[in-house]
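Subject: Structure handover and findings

Hello,

The structure is below, with the sequence. Please read through the notes that follow it and keep both together.

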Amino acid sequence: METGRHRKAMVDHQRSGAAEMWGKFMALGGPRHLLDGAAPAIGFLIGYATDTAETGVLIALTVAVMLGLYRVVKGDTVKTVAISVAAVAVFSLFVGITGEGRGFYLPDILICVIGAVAFGVPLVTGRSLSHWICRKVGLEPADHADPQERIRLHRKVSLAWFAFWTVHLVIMVPLYLANKVVILGTVALILGKPLLVVAIAATFLWVRRSLKTSSAQ
């Protein structure tokens with residue numbers, strides 16, 4: 001009987017966590033980021049696969065600008081939209097710099113390298129980037145009854161983020177070197193902005209729940 005109650009409590013907890021995760025994903029604009037991040041990239045892949053990398057770049061930029069205009073009409077600031085369009089322009093610029101279609105995904109790989117280094121190096125010194133970031137955004141309190149507990153927690157969080165970026169590199173770098181542009185682009189769509197939003201939401205819930213747990217003890 002007790003085991004059955006325990007299992008029910010575990011299932012309810014998991015459902016609650018999934019619902020909270022979905023709510024945070026929606027609050028962070030997950031569906032919108034999915035569209036805004038994927039549409040120009042899909043446009044590039046279509047242009048590249050059917051014609052040339054240059055055609056792919058033209059389609060990607062056109063889609064980004066059209067989406068930007070739509071966002072402005074819907075009330076987004078010009079600055080926010082300009083940043084999104086500029087990001088696609090930077091990715092497109094690397095096609096011209098490298099002279100290859102795979103150059104479109106080089107910024108993705110560079111971002112992953114920076115992410116892995118940024119979260120991995122502080123761990124060697126006994127610190128964690130996630131602790132600093134969470135304090136800056138107000139998620140982590142400046143003072144805590146057990147600061148060492150928080151440091152240990154954020155070392156785990158930073159390690160998870162280090163693994164997040166490293167897995168990206170392990171998958172994407174071989175595809176880049178093998179010049180498998182279509183596969184690389186497909187993987188980048190799956191591992192790109194939408195998954196990043198999910199990871200941010202998961203981090204938020206992880207840190208917030210750990211604070212609730214520590215305060216309840």
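The side chains of arginine 150 and glutamate 140 are joined by a polar contact of 2.8 Å (a polar contact is a pair of N or O atoms within 3.5 Å; within protein, one must be able to donate a hydrogen and the other to accept it, and residues adjacent in sequence count only if both atoms are side-chain atoms). Arginine 150 is found in helix H7 (helices are DSSP runs of H or I with at least four residues, strands are runs of E with at least two, and both are numbered from the N terminus). With a relative accessibility of 2%, arginine 150 counts as buried (buried means under 20% relative accessible area, exposed over 50%, and partly exposed in between, with a 1.4 Å probe and protein chains only).

The model is predicted: local features need pLDDT of at least 70, side-chain atom pairs count only at pLDDT 80 or more, and totals for chains, interfaces and linings use all residues. Residues are numbered from 1 along each chain as its sequence is written, and side-chain values use heavy atoms, with hydrogens and water left out.

Histidine 154 also has its place in helix H7. Histidine 154 is buried, at a relative accessible area of 0%. Setting aside neighbours within four places in sequence, histidine 154 is in contact with Ser128, Ser130, His131, Cys134, Glu140 and Val207 (contact means heavy atoms within 4.5 Å).

Overall make-up

The protein has nine helices and zero strands. Buried residues make up 36% of its 217 residues. Of the contacts between residues at least 6 apart in sequence, 71% join residues at least 24 apart.

Helix pairs

H7 (residues 147-177) and H8 (residues 181-191) pack at an angle of about 160°, and their axes are 9 Å apart (axes are lines fitted to C-alpha atoms, for helices over the stretch in contact, and angles run from 0 to 180 degrees between N-to-C directions). H7 and H8 are therefore roughly antiparallel to each other (angles under 35 degrees count as roughly parallel, over 145 as roughly antiparallel, 65 to 115 as roughly perpendicular and the rest as oblique). From H7, the residues that meet H8 are His168, Ile171, Met172, Leu175 and Tyr176, and their counterparts in H8 are Ile183, Leu184, Val187, Ala188 and Leu191. By class, this contact of H7 with H8 has nine nonpolar, one polar and no charged residues (Ala, Val, Leu, Ile, Met, Phe, Trp, Tyr, Cys and Pro count as nonpolar, Asp, Glu, Lys and Arg as charged, and the others, Gly among them, as polar).

H3 (residues 53-73) and H4 pack at about 175°, with their axes 9 Å apart. H3 and H4 are therefore roughly antiparallel to each other. Residues making the contact include Ala53, Val57 and Arg71 of H3 and Val81, Val85 and Ser92 of H4. The residues of the contact of H3 with H4 divide into 12 nonpolar, two polar and one charged.

What is the arrangement of H5 and H6 relative to each other? The axes of H5 and H6 (residues 129-136) come within 8 Å and cross at roughly 110°, and H5 and H6 are therefore roughly perpendicular to each other. Ala118, Phe119 and Pro122 in H5 meet Leu129, Ser130 and Ile133 in H6. The contact of H5 with H6 has five nonpolar, one polar and no charged residues.

Arginine 102 lies in the loop between H4 (78-98) and H5 (106-124). Arginine 102 is buried, with a relative accessible area of 16%. Its side chain reaches the backbone oxygen of tyrosine 176 at 2.7 Å. Beyond its neighbours within four places in sequence, arginine 102 is in contact with Tyr176, Leu177, Asn179 and Val181.

Asparagine 179 lies in the loop between H7 and H8. It is partly exposed, at 39% relative accessible area. Its phi is near 60°, a positive value in a residue other than glycine.

Methionine 66, in helix H3, counts as exposed at 55% relative accessibility. Methionine 66 and proline 40 are 26 residues apart in sequence, and their C-alpha atoms are 9.9 Å apart in space.

Regards
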